[in-house]
Amino acid sequence: MPAASGNQHNSADISVDVLIVGAGFSGICMGIKLLEAGMKKFLIIEKSDDLGGTWYENRYPGCACDVPAHLYSFSFERNPGWTRMFAGQQEIWQYLKSCVRRNGLSPHIRLGTRFCEAAWDEAASHWRITASSVPRDNGNLSKRMNLCARVLVSGMGALHVPHCPEIPGIERFSGPSFHSATWRSDVDLSGKSVAVIGTGASAIQFIPHIAPSAGKLYIFQRTAPWIVPRLDFGFSEKARARFRRIPAPTWAFRKFLFFALEWRVFSFLGDRVVRAHMEKIARNHLENGVADPKLRAALTPRYHIGCKRILLSDDFYPVFRRSNVELVTEKIAEVRERSVVTQDGTERPVDVLIYGTGFHVTEQFIGMKLFGRGGVEIHDAWRNGLTAYLGVTVSGFPNFFILLGPNTGLGHNSVVLMIEAQVDYIIKCLKLMRDRKIAAMEVRAESQQHFAETLRDHMARTVWQSGGCRSWYQDAQTGQNTTLWPGSVIQYFRAMRSVATSEYDLRRC
Ligand code: NAP
């Protein structure tokens, strides 16, 4: 923990130059780069009792990354020791912990501290932040604390508020029920009748792990996902030793993976040839995995590939060969105390209910408040849809930066690349403020508007808007995709290369 600074604000318990919210990939990257730039007066607050963000919280069986580990890691912290092509949750979590250790970041992280509210103090040009300690057990009360920071960085990401479906009667269910992100390892599923709602990225990872022990497994699918082969493999000890000895092959492998994934963006941006090729791969995968034509038809997506996130799995389709597994495509009408009833009137007895129903993605800062210039709250500023200039800065919110903000997610490549580009951009902004003695830096409303309009034009042609599906990429009200970057990673790198000061209002100290 950094000591409270000399120029501490009267009412603040802690005063820092930069406050980062979240100690996942984003917050850790930001912290390491601040240290590298010699900017040491910062603090990372994290609501959980350990660091790692999504890779600490998501602990369901089979939880792994569907982006190759050599690319889903920091370019400046390459790990020659990855044991598999697609690393599991534990290995990624340990990797993040080792990054923190190696870079001496631990003293800057305060765990069990939840961000509640922040308000921009125009006169003082800093943020006043309220946070609360998260009680570890029932005996402890939550304690509020006041912080003060010149710069506020959100590293909260978009996949951390679980979405549980609103199904009539769901609150009446009397057995154990939990979300994939809050997995109950204390609930023994063996011999039980288990219902899984959802067939998204998380569900298709844990379903093959719970199917063998469940007595009966009902998989409630609303929309069939596109699934392509995962082709996972382990790196032998010999290969890892070679990676360790000579750094060049790790670098070259990372570059290879980058370009191998980068071309897939063309299918999202409207290239029908690439899209048809990818759909063929997925259809063959389904045919090889599922012999029964009726079941295959039920598992065949009715929209273009890429419209929703493309899933990777080699063990999901084979699950349906098991006699204890049933795919249910009929809409759920009601949940009762110990059963799930579908619209055709069929009632299935259920002991345990598991939600693989995703996250609140398009509603950022749920349960938090952020008051910018003139006291405008960020949810009001975003009432017509989420926008941020380059996905990072928001007009009306000086000295505030978002990592993995609106329209900077990816469906085709590693988001860690986007995080690094954003962190480098923020560091450039901070250096600019330091060198030119700027107290407040705020993107101009016209610049943000122009950026949002350009994105909307690009978005219209993408498969996400025209591929025949509704997805969590899109804002529920406007139908606009406010989640993904409608371009290649290389294009984003170019956009982030330098800070165009003409796009910002800069107020001197
Ligand atoms: P998700 O992809 O949003 O899937 C949610 C599933 O629940 C979908 O099948 C959805 O059906 C269904 N669903 C939602 N509400 C429902 C309702 N009311 N009734 C019935 N079904 C409902 O969520 P997720 O699987 O947790 O994954 C979220 C994201 O996390 C991923 O896309 C990915 O970005 C990330 N993730 C990444 C990895 C990785 O390896 N990198 C692994 C896991 C998760 P519809 O399709 O009809 O909406």
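The legends below describe close-up views of a predicted model.

View 1. The protein is divided into domain 1, which covers 12–161 + 360–508, and domain 2, which covers 170–232 + 244–355. Taken over C-alpha atoms, the centres of domain 1 and domain 2 are separated by 28 Å, and the contact between the two takes 44 residues from domain 1 and 38 residues from domain 2.

**View 2. The open sheet of five strands.** In this open sheet the strands follow the order E7-E16-E8-E9-E12, and their pairing is parallel. Strand E7 (177–179) and strand E12 (325–328) stand at the edges, where each has a single partner strand, so one side of each is left without a neighbour in the sheet. From one strand to the next, the twist averages 20 degrees.

**View 3. Strands E8 and E9 with helix H4.** Strand E8 (residues 193–197) and strand E9 (residues 216–220) run parallel and are joined by five bridges, and within this pairing Ser193 stands opposite Lys216 in E9. Helix H4 (residues 203–210) packs on the sheet, where it touches E8, E9 and strand E16 (352–355). The direction of helix H4 makes about 170 degrees with that of E8.

**View 4. The open sheet of three strands.** Here the order is E13-E14-E15, with antiparallel pairing. The edges are taken by strand E13 (332–336) and strand E15 (347–349), each with a single partner strand, so one side of each is left without a neighbour in the sheet. The twist in this sheet averages 20 degrees from one strand to the next. Four bridges pair E13 with strand E14 (residues 339–342) in the antiparallel sense, and Val335 stands opposite Val340 in E14.

**View 5. The second largest pocket.** This pocket has a volume of about 490 Å³, and of the 18 residues that line it, the closest to its centre are Pro229, Leu231, Leu261, Arg264 and Leu312. Helix H6 (247–262) and helix H8 (272–289) each supply at least two residues of the lining, with H6 giving the most, namely three residues. Divided by class, the lining of the second largest pocket has 15 nonpolar and three charged residues, and no polar ones. At least three residues of this lining are drawn from each of domain 1 and domain 2.

**View 6. The largest cavity.** A search of the whole structure finds three cavities of 30 Å³ or more, and the largest cavity has a volume of about 120 Å³. Of the 16 residues that line the largest cavity, Gly157, Ala158, His160, Gln364 and Phe365 are the closest to its centre. The lining of the largest cavity divides into ten nonpolar residues, five polar residues and one charged residue.

**View 7. The second largest cavity.** With a volume of about 80 Å³, the second largest cavity is lined by Asp66, Val67, Arg264, Arg309, Ile310, Leu312, Leu410, Gly411, His412 and Asn413. These lining residues divide into four nonpolar, three polar and three charged. Domain 1 and domain 2 both give residues to the lining of the second largest cavity, so this cavity lies between them. Arg264 and Leu312, which are among the residues lining this cavity, are also among those closest to the centre of the second largest pocket.

Note on methods: Residues are numbered from 1 along each chain as its sequence is written. This is a predicted model: local features need pLDDT of at least 70, side-chain atom pairs count only at pLDDT 80 or more; totals for chains, interfaces and linings use all residues. Side-chain values use heavy atoms; hydrogens and water are left out. Two strands pair if DSSP finds at least two bridges between them. Axes are lines fitted to C-alpha atoms, for helices over the stretch in contact, and angles run from 0 to 180 degrees between N-to-C directions. Contact means heavy atoms within 4.5 Å. On a 1 Å grid over the protein atoms alone, a cavity is a set of points where a 1.4 Å probe fits but cannot get out, and a pocket is an open set with protein on both sides within 12 Å along at least five of seven lines; lining residues have an atom within 4 Å of a point. Grid points are joined across faces, edges and corners, and a volume is the space filled by probe spheres set on the points. Ala, Val, Leu, Ile, Met, Phe, Trp, Tyr, Cys and Pro count as nonpolar, Asp, Glu, Lys and Arg as charged, and the others, Gly among them, as polar. Domain bounds come from an automatic or database domain assignment.
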